[in-house]
Amino acid sequence: MIERCHRDTRPRSRPRLHAALAVAAVGLLAAAGATVLPGAASAGTTLGASAAERGRYFGAAVAANKLSDNTYVTILNREFNSVTPENEMKIDATEPQQGQFTFANADRIVSHARSRGMSVRGHTLAWHSQQPGWMQNMSGSALRQAMLNHVTQVATHFRGQVVAWDVVNEAFADGSSGARRDSNLQRTGNDWIEAAFRAARAADPGAKLCYNDYNTDDWSHAKTQAVYAMVRDFKQRGVPIDCVGLQSHFNSGSPYPGNYRTTLSSFAALGVDVQITELDIAGASPTTYRNVVNDCLAVARCTGITVWGIRDSDSWRASDTPLLFDNAGNRKPAYDAVLAALNNGTPPPTTPPPTTGPTTPPPGGGSCTATLRDGTRWGDRFNSEVTVSGATNWTVVVAVTPPQKVSATWNGTPSWDSSGNVMTMRSNGSGNVFGFTTMANGNWSRPQVYSCTAS
Ligand code: XIL
């Protein structure tokens with residue numbers, strides 16, 4: 001099967017982007033002793049190496065009890081250059097009894113990572129969830145004191161070993177209120193978040209201090225705006241905050257939003273780094289993974305991406321198969337898409353995203369080439385034209401990026417997968433050029449040709 005797809009080159013923003021990336025990359029690469037031509041494409045063969053060439057890290061959430069699993073450790077050591085302990089630094093793990101700290105499991109992860117040159121993100125010092133029983137039962141000033149002591153003790157223990165801390169996790173409510181989440185910590189007073197940040201800064205002045213949350217990916221959501229307002233306020237008042245983590249657990253209920261890049265760049269414009277801290281995408285659509293990576297690369301202060309686990313079977317949402325490696329540890333199409341995006345190249349041929357609908361595989365046989373060109377563009381939509389060569393009877397698979405929707409087609413017979421994003425177009429005797437109109441719905445990225453098959 002041969003296919004050719006044109007990369008989304010976004011000509012209007014690219015020169016500035018390259019300049020910004022070059023500046024960011026030169027600093028990091030100078031430290032690593034590598035050289036790279038400004039604007040040159042990367043040639044990394046692993047996620048970590050390739051991200052590093054772009055001045056970023058690529059990390060994974062790691063569980064201490066899997067460090068004896070050979071397949072797991074082989075992938076971790078080969079692919080990733082940053083690690084976040086999945087549960088081992090949480091409050092219930094590090095202070096199971098008040099005043100008694102246990103760091104053994106977290107220390108194992110930290111030493112595994114640091115001895116191999118991987119950096120460590122600390123997760124998390126203050127959170128309403130995964131609190132030990134003693135803390136769940138506390139309130140008022142006693143809880144405030146206990147929380148601050150916890151922040152101080154844990155950040156002190158890992159001082160110098162953790163590059164960034166999720167100081168506070170998930171402190172805002174879902175929905176349209178834009179309010180803080182109710183919790184025992186919130187009830188100690190609205191200033192509990194800044195108090196936690198100040199304690200963390202005092203304990204480890206060298207660590208970047210992040211606020212981390214989920215459902216803060218869509219720029220139009222009240223929760224995103226509320227976190228943005230808090231970070232802006234912290235910066236204005238001198239509360240020590242250096243970064244914002246977007247967990248980015250994407251699924252049908254919380255899909256990847258077309259304005260994700262706007263969210264990343266808007267936070268960055270406040271003078272903080274942004275990091276994608278817990279990425280997983282239900283179904284692992286290569287297109288969506290690629291979009292996330294491209295969005296991060298487009299924002300100079302998006303400093304790294306962490307996926308929330310290694311193989312699908314390691315995921316907290318294993319049945320969603322949301323990660324880059326399958327249960328056996330094989331690279332999935334999403335892996336290829338991520339690596340290609342990091343390398344700033346055209347993704348290699350991948351199969352369309354998994355579908356539950358009755359997508360008929362294209363009739364096998366020969367091969368052909370399908371080339372996509374941009375057509376007319378209007379305020380709300382654009383045309384694309386695909387030229388097929390090498391076959392008269394052909395089947396071409398094309399995907400658009402949600403919330404884009406194809407609204408019209410010509411010179412072919414289309415059928416759709418259940419997501420409505422993947423279109424299988426078959427020749428209908430009208431020749432070798434077909435076309436379609438895409439409603440942008442805010443996302444102007446170019447549709448992707450997945451395959452061309454002659455029959
Ligand atoms: C999850 C872990 O992956 C699970 O193993 C655990 O049982 C529950 O927590 N947001 C976060 C993470 O900040 O800490 C959560 O991790 C996933 C959602």
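This is a predicted model: local features need pLDDT of at least 70, side-chain atom pairs count only at pLDDT 80 or more; totals for chains, interfaces and linings use all residues.

1. Let's start with helix α8, which covers residues 192-203. The helix has 12 residues and spans 17 Å from its first C-alpha to its last, close to the 16 Å expected at 1.5 Å a residue.

2. How many residues of α8 are buried? The count is 9 of the 12, so α8 is largely enclosed by the rest of the structure. If you want to click through them, they are Trp192, Ile193, Glu194, Ala195, Ala196, Phe197, Ala199, Ala200 and Ala203.

3. The pairing of α8 with α9 deserves a look of its own. Two packed helices are described by the angle between their axes and the distance between the axes. Here α8 packs against α9 (residues 222-237) at an angle of about 55 degrees, and the two axes lie 12 Å apart. The two helices are therefore oblique to each other, and their crossing is right-handed.

4. Which residues make that contact? From α8 come Ile193, Glu194, Phe197 and Arg198, and they meet Met230, Phe234 and Arg237 of α9. Sorted by class, the contact has 4 nonpolar and 3 charged residues, with no polar ones. Notice that Ile193, Glu194 and Phe197 of α8 are also among its buried residues. As a reminder, an α-helix has 3.6 residues a turn, so residues three or four places apart point the same way.

5. Moving on to helix α12 (residues 333-342), 8 of its 10 residues are buried, so this helix too is largely enclosed by the rest of the structure. The buried ones are Ala334, Tyr335, Ala337, Val338, Leu339, Ala340, Ala341 and Leu342. They pack against the helices α2 (47-53), α3 (70-79) and α11, and against strand β1 (57-62).

6. Please also check the backbone after α12. Asn344 follows the helix, and its phi is positive, near 60 degrees.

7. Leaving aside residues up to four places away in sequence, Asn291 touches Tyr256 and Thr401. Its helix, α11, is one of the elements that the buried residues of α12 pack against.

Terms used
Residues are numbered from 1 along each chain as its sequence is written. Side-chain values use heavy atoms; hydrogens and water are left out. Axes are lines fitted to C-alpha atoms, for helices over the stretch in contact, and angles run from 0 to 180 degrees between N-to-C directions. Helices (H or I, at least four residues) and strands (E, at least two) are DSSP runs, numbered from the N terminus. Angles under 35 degrees count as roughly parallel, over 145 as roughly antiparallel, 65 to 115 as roughly perpendicular and the rest as oblique. A crossing is left-handed if the near helix is turned anticlockwise from the far one by less than a right angle, and right-handed if clockwise. Contact means heavy atoms within 4.5 Å. Ala, Val, Leu, Ile, Met, Phe, Trp, Tyr, Cys and Pro count as nonpolar, Asp, Glu, Lys and Arg as charged, and the others, Gly among them, as polar. The expected span of a helix is 1.5 Å times one less than its number of residues. Buried means under 20% relative accessible area, exposed over 50%, partly exposed in between (1.4 Å probe, protein chains only).
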